[in-house]
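Hi,

Here is the structure I promised to pass on. Have a look at it first, and my notes follow below.

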Amino acid sequence: MASLLSADAAGHKNMVQLIQLRWLAVAGQLATILAVHFGMGVSLPLVPMFAVLLGLVTLNSVSLALLRKRRGVANAELFLALLLDVAALTVQLYLSGGATNPFASLFLLQVVLGAVLLERWSSWVIVGATIVCFTLLMMVYRPLDLPHRYIGNLFGLHVQGMAVCFVLIAILLVLFVTRITGNLRARDAHVADMRQQAVEQDHVIRIGLLASGAAHELGTPLASLAVILNDWRRMPKLAGDPEMVEEIEDMQAEVQRCKAIVTGILMSAGEARGEAPAITSVHAFLDELVADWRTTRSGTILAYDNHFGADLPIVSDTALKQVICNILDNAAEASPQWISLSVDRSADAIILAVRDRGPGFTPAMLENYGKPYQSTKRRPGSGLGLFLVVNVMRKFGGNVVARNLDRRGAEVTLTLPVAAVALAGRGEDDG
């Protein structure tokens with residue numbers, strides 16, 4: 001579906017180029033008719049020729065009106081537009097000497113445009129139409145009424161007309177075919193990007209299934225460990241040893257942390273979500289996230305600056321919380337002493353910028369940021385965290401941008417549309 005939309009969008013751009021070409025054709029034909037009729041003294045049927053130009057102007061006006069209402073243009077519409085251009089050129093040539101008119105070579109421009117713009121079957125139809133029209137113009141046409149001074153130099157006059165036609169075709173081909181092929185390349189690049197996103201989404205689904213299965217498997221041993229530790233705290237021998245009690249409490253805290261992580265994974269997979277979503281606000285959500293992260297990373301200083309402005313009710317999303325924590329964890333690994341998180345608002349988006357004082361990203365990392373298994377860490381599975389971050393943000397309609405700072409360190413910026421987490425929007429989705 002996305003590729004079809006992209007093709008129609010490219011068709012929209014190509015139709016714009018075709019309209020611009022038609023305006024030039026109208027201007028060129030008008031100048032040529034006036035120059036030949038009044039300048040050279042060659043009698044031309046001005047009324048029908050001007051009627052054809054008026055038809056082209058009307059066609060352009062209708063096309064522009066339709067383009068304002070629609071963003072996509074299909075192959076059939078481009079095909080019909082080119083057929084009308086071929087018909088208009090045929091009528092003009094019929095009224096001005098038929099195939100003997102040196103401007104008959106303009107049929108080649110229609111053929112080239114058809115080959116570039118249209119699907120294969122329709123481009124061949126354009127070829128057939130131009131061949132038929134040219135053949136008919138060899139047999140049926142209105143002869144030119146040339147003044148006597150041109151009678152003895154018909155060949156030279158024809159060569160001059162061919163030279164003007166050649167220059168015109170060459171300029172138009174360079175101007176418009178390069179633009180049209182640029183549109184087609186942009187469309188192909190978009191289709192390739194959508195295919196890559198589909199592959200990455202499939203990878204995310206597989207990772208999600210694996211993580212969900214692992215979370216289910218870990219739930220039972222973690223519950224058993226929690227029971228055992230509770231039993232240990234009640235044992236007289238252990239309860240009387242303050243050092244053992246402290247170690248057991250630390251172990252219980254770590255078990256609870258593991259259980260919270262497992263619960264978060266299941267919630268992200270939609271398996272442990274309650275009936276009603278958790279309602280919070282931007283400030284409360286981020287303040288709680290920062291507080292929880294500081295608890296688990298007490299050795300790293302996190303400078304937190306919230307400049308979001310007026311608070312806004314949102315729906316708390318576990319996946320979003322994991323995304324931000326993942327970025328903070330990566331920054332802390334690169335810069336264990338200090339990192340920062342700044343929050344700003346730009347129009348209808350939340351801007352989260354995480355900075356560190358680490359060595360920064362390598363050029364290869366920046367080029368492949370967010371692709372699976374692209375990481376500076378030399379261990380299995382590295383790079384999946386950033387891969388998931390990029391794909392989750394893409395799901396929210398946001399984006400992730402990574403860059404190196406001027407002096408030292410790196411910055412990762414998350415741009416999240418407010419509508420993706422706003423209470424009103426989520427309420428409609430859930431309903």
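H9 passes H10 in a right-handed crossing (the near helix is turned clockwise from the far one by less than a right angle; left-handed if anticlockwise). A word on the source: this is a predicted model, where local features need pLDDT of at least 70 and side-chain atom pairs count only at 80 or more, while totals for chains, interfaces and linings use all residues. Residues are numbered from 1 along each chain as its sequence is written, and side-chain values use heavy atoms, without hydrogens or water.

The axes of H9 (residues 282-296) and H10 (residues 318-334) come within 11 Å and cross at roughly 45 degrees. That makes H9 oblique to H10 (under 35 degrees is roughly parallel, over 145 roughly antiparallel, 65 to 115 roughly perpendicular, the rest oblique). Axes are lines fitted to C-alpha atoms over the stretch in contact, with angles from 0 to 180 degrees between N-to-C directions. Helices are DSSP runs (H or I) of at least four residues, strands (E) of at least two, numbered from the N terminus.

Thr 300 sits in the loop between H9 and strand S2 (301-307). Thr 300 is buried, at 10% relative accessible area (buried is under 20%, exposed over 50%, partly exposed in between, with a 1.4 Å probe and protein chains only). Its side chain reaches the backbone oxygen of Pro 336 at 2.8 Å.

Elsewhere, H2 (residues 46-69) and H3 (residues 75-94) have axes that come within 9 Å and cross at roughly 165 degrees, so H2 and H3 are roughly antiparallel. Their crossing is left-handed.

Best wishes

Methods
A polar contact is a pair of N or O atoms within 3.5 Å; within protein, one must be able to donate a hydrogen and the other to accept it, and residues adjacent in sequence count only if both atoms are side-chain atoms.
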